[in-house]
Amino acid sequence: MAMEIDSVEYRLSCVLRGHEDDVRGICICGESGIATSSRDRTVRLWVADSDAKHKYSLSKTLAGHTSFVGPLAWIAPSDQFPEGAIVSGGLDTQVLLWNVQTGEIVERMKGHQYQVTGLAVDDNGDIISSSMDCTLRRWRKGQAVESWEAHKVAVQTVIKLSSGEFLTGSSDSTMKLWRGRTCLHTFTGHSDTVRGLALMPGIGVLSASHDGTVKLWALTGQVLMEMVGHTSLVYSVAAHSSGLVASGGEDRFLKIWKDGACVQSIEHPGCVWDVKFLENGDVVTACSDGVVRVWTQQNDRLADPQETEAYSDQLSQYKLSRKTVGGLKLTDLPGLEALQVPGTIDGQTMVVREGDNGVAYSWNSKQSQWDKIGEVVDGPDDASNGQVYNGTRYDYVFDVDIGDGLPIRKLPYNRSENPYDVADKWLIKENLPLTFREQVVEFILQNSGQKTFTPDPSFRDPYTGANAYIPGESSFSSGSAAPKSTFKHIPKKGMLLFDIAQFDGILKKITEFNATLASDPDQKALSLSESDFSKLGAIVKVLKDTSHYHSSTISDSDTSLLVRLLKSWPPQMLFPVIDTMRMTVLHPDGATSLLKHTEGQKDLLKEIFEKAVAGPTQPANVLTIIRAIVNLFRPSCFRLWLHSNFSEILDSLSSCRPAFNKNAHLAYATLLLNYAVLLIELKDKEAQAQVISAALEIAEDASQDVDSRYRALVAIGSLMLDGAVKSIAIDFDVQSIAKDAKLSKDPKVSEVAADIEQLIKTK
């Protein structure tokens with residue numbers, strides 16, 4: 001029977017409409033139906049129609065996540081859940097357990113630091129979740145009973161094998177086989193992120209990768225088969241008992257494979273985020289157009305001819321909307337009616353849309369008519385029209401190195417787009433933390449040569465609720481000529497931050513120090529009460545939830561507890577409190593509340609800074625205070641404070657420098673870079689000279705960590721490009737420093753050194 005079915009092509013069976021945004025995940029719920037997850041923050045359950053078995057209707061909408069929902073898992077009916085249960089994971093870092101019968105959340109599991117990427121259910125009912133935070137967690141009755149680092153970078157997916165063991169796929173291009181917390185084997189063979197996994201019963205496991213391939217593996221780690229045919233990232237893979245394999249990806253195709261060969265490709269009007277087989281052999285796809293589709297090989301389950309035709313029309317319209325000719329969007333071109341209007345001068349050209357093509361015409365003034373020149377095509381090497389990526393032409397397609405030894409990612413961008421929107425969509429697509437957002441925007445602006453960017457006034461930053469703000473615009477006014485040379489790494493735009501925190505570790509240290517104070521009769525008065533502890537826990541909870549910074553609050557009474565600890569606790573116990581302050585200033589309320597304590601006679605920040613750098617130097621205090629000051633560059637309300645205390649901060653840190661470790665040096669180099677951006681904007685030449693001299697000290701030290709040296713060189717280059725202190729840098733022999741740095745094995749250090757050398761030659 002299987003062989004009979006295999007030779008028949010899949011065709012549309014039914015369309016499930018209801019989601020309001022990308023459908024991200026699919027879960028086959030036994031006989032109960034199909035569950036789907038979406039960027040619209042919901043999970044929806046679809047059940048078979050009693051009238052037409054091959055059609056589905058929406059049975060329940062489960063709303064409870066605060067951001068888009070990804071992985072799903074099914075728990076079969078039991079005494080506790082008569083109609084079964086669904087587990088969902090989201091960008092909001094939560095794992096939710098839903099009772100299908102009531103549609104209510106039974107357990108809300110919190111603990112992951114970043115997006116939940118995969119879910120599996122153990123034989124004993126435990127839930128296993130994977131996350132961008134590199135960990136796997138085991139949940140039992142709503143509580144995390146185990147958590148461990150599974151990979152050094154993001155874990156993208158997890159599945160349970162019939163043996164009870166688990167398999168994970170990661171951005172490090174590997175898969176790992178787990179028995180409990182023990183890694184039994186690491187599977188290597190993909191050259192990019194492993195995004196999806198599926199069981200191939202009786203044979204092994206399938207993997208879908210960003211390298212464009214699907215692989216079949218034996219559980220010994222041997223590659224049995226490689227399926228090549230997708231032209232872009234592959235997001236998902238599934239197998240059926242007949243031996244067929246289905247996969248979906250960024251190239252917008254569902255592909256059906258038999259014995260390693262692609263036997264059918266079904267185009268979609270958007271990327272295919274997930275694919276699953278139903279037991280009867282039908283395939284379900286989740287598409288970025290917000291629609292779930294079921295495909296079948298059986299004639300009695302085919303969609304109505306009108307529905308099939310409507311799908312063909314939708315696909316044609318979608319392809320038409322993406323098609324470009326000569327760098328112009330086809331849908332933006334005028335129709336043939338534009339030729340009714342006479343031209344103005346002889347030889348004037350116009351491109352009009354004729355069907356699916358762009359055709360060029362030239363105005364012939366003697367004959368008073370438009371003469372047809374011919375069809376417009378995109379030249380394959382026409383660099384002026386940008387680059388083609390996944391069949392679409394963009395102004396730019398950047399190669400982005402995200403570090404950690406991970407493969408280079410492609411980032412397409414058009415100058416007409418809002419870089420913030422592009423960054424958000426790209427980070428979500430690449431499953432990268434949204435905390436990289438500012439860096440991606442900065443990268444786009446710098447590499448597309450946009451010295452200035454006017455943000456959309458209606459835009460709201462999801463973290464701060466504020467309009468997008470890019471500090472440090474070029475000092476060249478529109479009237480003066482900007483330098484013709486282009487540089488790879490300068491000028492620096494925007495501020496760098498230290499915005500990741502191990503909150504559990506911070507609270508643990510504060511608890512430990514508090515116990516020491518409480519047991520000392522002389523210092524007991526400094527210790528925290530139970531209510532103080534719960535208040536501190538509440539602050540940390542708000543700070544962890546970055547996606548709600550625009551709506552969450554940190555009151556003055558909350559920050560007053562922090563202020564009390566900063567002022568009263570002994571220096572050797574100060575660093576975890578300073579670290580809490582470092583994160584608090586990134587919250588809009590936290591920043592404005594702490595700012596109040598810098599006004600008047602007693603400037604809290606100045607007091608804490610002096611306390612942290614006072615001798616004998618305590619490295620932990622110095623590191624945390626530098627990082628905290630770096631984060632003050634995020635809220636614009638601290639810019640006056642940073643400027644007025646600039647000399648004192650730099651002088652004090654300069655004298656502490658001999659005791660700096662690698663992390664402190666990196667923090668210090670970051671501080672200098674942020675000051676360079678701020679002082680260029682404020683046009684403070686005297687302060688710029690102090691920064692350039694401090695940055696040159698780091699840049700000329702070849703023993704420095706690569707990142708510290710790089711940031712110091714970018715600060716120097718940005719200040720020199722601004723022009724005010726270029727001669728000072730040359731007097732300080734920046735030429736020989738750049739010459740040495742150019743020999744660095746690290747490409748970014750040698751490239752920015754080349755930028756500086758080019759800058760020295762520029763008049």
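**Strand and helix packing in the predicted model**

Ala 76 is located in the loop that links strand S6 (69-75) and strand S7 (85-90); helices (H or I, at least four residues) and strands (E, at least two) are DSSP runs, numbered from the N terminus. With a relative accessibility of 44%, Ala 76 counts as partly exposed, where buried means under 20% relative accessible area, exposed over 50%, and partly exposed in between (1.4 Å probe, protein chains only). The C-alpha atom of Ala 76 is separated by 7.6 Å from that of Cys 29, although the two residues are 47 residues apart along the chain. The model is predicted, with local features requiring pLDDT of at least 70 and side-chain atom pairs counted only at pLDDT 80 or more, while totals for chains, interfaces and linings use all residues. Residues are numbered from 1 along each chain as its sequence is written, and side-chain values use heavy atoms, with hydrogens and water left out.

An open sheet is formed by four strands in the order S18-S19-S20-S21, with antiparallel pairing; two strands pair if DSSP finds at least two bridges between them. S18 and strand S21 (223-228) stand at the edges with a single partner strand each, so one side of each lacks a neighbour in the sheet. On average, neighbouring strands of this sheet are turned by 20° against each other, direction ignored. In general, strands of a sheet pair through backbone hydrogen bonds, either parallel or antiparallel.

Within this sheet, strand S18 (residues 194-200) is joined to S19 by six bridges, and the two run antiparallel. Ala 198 stands opposite Leu 206 in S19. The hairpin of S18 and S19 has three residues between the strands, and Gly 202 takes a positive phi near 80° there. On the pairing with strand S20 (residues 213-217), S19 is joined by four bridges, again in an antiparallel arrangement. The bridge partner of Val 205 in S20 is Trp 217, and that of Ala 208 is Val 214. S19 and S20 also form a hairpin with three residues between them, in whose turn Gly 212 has a positive phi of about 90°. Six of the six residues of strand S19 (residues 204-209) are buried, so this strand is largely enclosed by the rest of the structure.

Among the helices, the buried residues of helix H9 (residues 588-595) include Gly 590, Ala 591, Ser 593, Leu 594 and Leu 595. The buried residues of H9 pack against helix H7 (556-568), helix H8 (575-584) and helix H10 (604-613). H7 and H9 pack at an angle of about 65°, with their axes 9 Å apart; axes are lines fitted to C-alpha atoms, for helices over the stretch in contact, and angles run from 0 to 180 degrees between N-to-C directions. The contact (heavy atoms within 4.5 Å) is made by Asp 556, Thr 559 and Val 563 of H7 and by Gly 590, Ser 593 and Leu 594 of H9.

Helix H11 (residues 619-631) packs against helix H14 (residues 662-682) at an angle of about 25°, with the axes 9 Å apart. H11 and H14 are therefore roughly parallel to each other, a term applied to angles under 35 degrees. Residues in this contact include Leu 623 and Ile 626 of H11 and Ala 664 and Leu 671 of H14.

Definitions and conventions
Angles under 35 degrees count as roughly parallel, over 145 as roughly antiparallel, 65 to 115 as roughly perpendicular and the rest as oblique.
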